[in-house]
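Please look at the sequence and the model shown here before reading on. The report that follows goes through some of its local features, one topic at a time.

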Amino acid sequence: HVDHGIGRLVAQVPENTIIVFTSDNGGDVSDNTPLRADKGSMYEGGIRVPLIVAGPGVQGGRRSTTPCQSIDLVPTLLDLCDVAVPTNLDGRSLADELRGGDAIDRTRLHWHFPAYIGRNTPSSVMREGHWKIIESLEDGSVELYDLASDPGETTDLAEREPARTRVMLTALKSWQRETNAPG
């Protein structure tokens with residue numbers, strides 16, 4: 001149904017239209033295998049979503065593994081429309097990669113949900129490369145995952161990787177302070 005509906009929509013819009021297809025906060029309560037959990041969770045099944053961009057200047061048929069967030073959409077769309085991207089935006093433009101160039105070099109991604117969302121408890125998350133740390137804002141507990149070898153987040157490595165856990169938690173806490181993230 002989605003394919004049919006999108007096809008009908010695309011047939012009705014002018015050629016110079018940029019179309020973005022994405023979702024918010026992960027898949028619903030259906031099976032998100034191999035990802036763990038679902039919508040509202042800070043595990044990959046709750047935050048990893050599709051992003052499809054098509055339109056003028058976008059090279060079709062490419063698949064990217066560049067991690068991005070919805071905050072990247074505004075700078076990307078401005079850039080694709082040849083509008084100056086303000087320097088004070090949190091997101092990064094993905095336009096170069098969409099045009100067929102290199103992917104952005106992004107060190108970290110953050111998520112911060114200090115509220116009860118779905119079945120999730122208040123938590124803060126940082127992804128650095130293929131490593132991901134989740135901090136519970138309720139009890140301060142921490143989980144660490146290597147998404148390259150364990151995309152389903154089945155093995156918490158926080159105790160096995162204490163040095164990495166400390167460094168990543170320090171970086172996450174620093175980001176929380178810099179952005180005045182509510183606790």
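Directly after helix 3, the residue Asp82 adopts a positive phi of about 55 degrees. This value, like every other in the report, belongs to a predicted model.

Within helix 3 itself, the buried residues are Pro75, Thr76 and Leu80. When the helix is viewed down its axis, these buried residues fall within an arc of 130 degrees, so they line one face of helix 3. The elements against which the buried residues of helix 3 pack are strand 2 and helix 4, the latter covering residues 95-98.

Helix 5 consists of 17 residues, and the distance from its first C-alpha to its last is 24 Å, which is close to the 24 Å expected at 1.5 Å a residue. Its buried residues are Thr165, Met168, Ala171, Leu172 and Gln176. Because these residues fall within an arc of 140 degrees when seen down the axis of helix 5, they line one face of the helix. The other side of helix 5 carries exposed residues, namely Arg166, Val167, Thr170, Arg177 and Glu178.

Several strands contribute to the cover over the buried residues of helix 5, including strand 3 (108-113), strand 4 (123-128), strand 5 (131-136) and strand 6.

## An aromatic pair

The structure holds one aromatic pair. The rings of Tyr43 and Tyr145 have centres 6.1 Å apart and planes at 75 degrees, and since an angle over 60 degrees counts as edge-to-face, the pair is placed in that class. The two partners come from distant parts of the chain, 102 residues apart: Tyr43 is in the loop between strand 1 (19-22) and helix 2 (44-47), whereas Tyr145 is in strand 6, which spans residues 142-146.

Both Tyr43 and Tyr145 are buried. Tyr43 has a further neighbour in Arg36, which lies over the face of the ring at 3.7 Å from the ring centre.

## Backbone features that stand out

Most residues other than glycine have a negative phi, and most peptide bonds are trans. Against that background, the bond joining Thr33 and Pro34 deserves attention, as it is a cis peptide bond with omega at about 10 degrees. Pro34 is located in the loop between strand 1 and helix 2.

Glu153 is not a glycine, yet it has a positive phi of about 50 degrees. This residue lies in the loop between strand 6 and helix 5 (162-178), and because its relative accessible area is 1%, Glu153 is buried. Asn180, too, has a positive phi, near 55 degrees, although it is a residue other than glycine. Asn180 is found in the segment after helix 5, and with a relative accessible area of 66% it is exposed.

If neighbours within four places in sequence are left aside, Gly55 is in contact with Thr17 and Ile18. By contrast, 36 Å separates the C-alpha atom of Gly55 from that of Gln176, a residue 121 places away along the chain.

Definitions and conventions. Residues numbered from 1 in each chain as written. Predicted model: local features only at pLDDT ≥ 70, side-chain atom pairs only at ≥ 80, totals over all residues. Heavy atoms only, no water. Phe/Tyr/Trp six-rings, centres within 6.5 Å; stacked < 30°, edge-to-face > 60°. Helix = DSSP H or I, 4+ residues; strand = E, 2+ residues; numbered from the N terminus. Buried < 20%, exposed > 50% of the residue type's maximum accessible area, 1.4 Å probe, protein only. Lys NZ or Arg CZ within 6 Å of the ring centre and 35° of its normal. Contact = heavy atoms within 4.5 Å. Arc of directions from axis to C-beta. Expected span 1.5 Å × (residues − 1).
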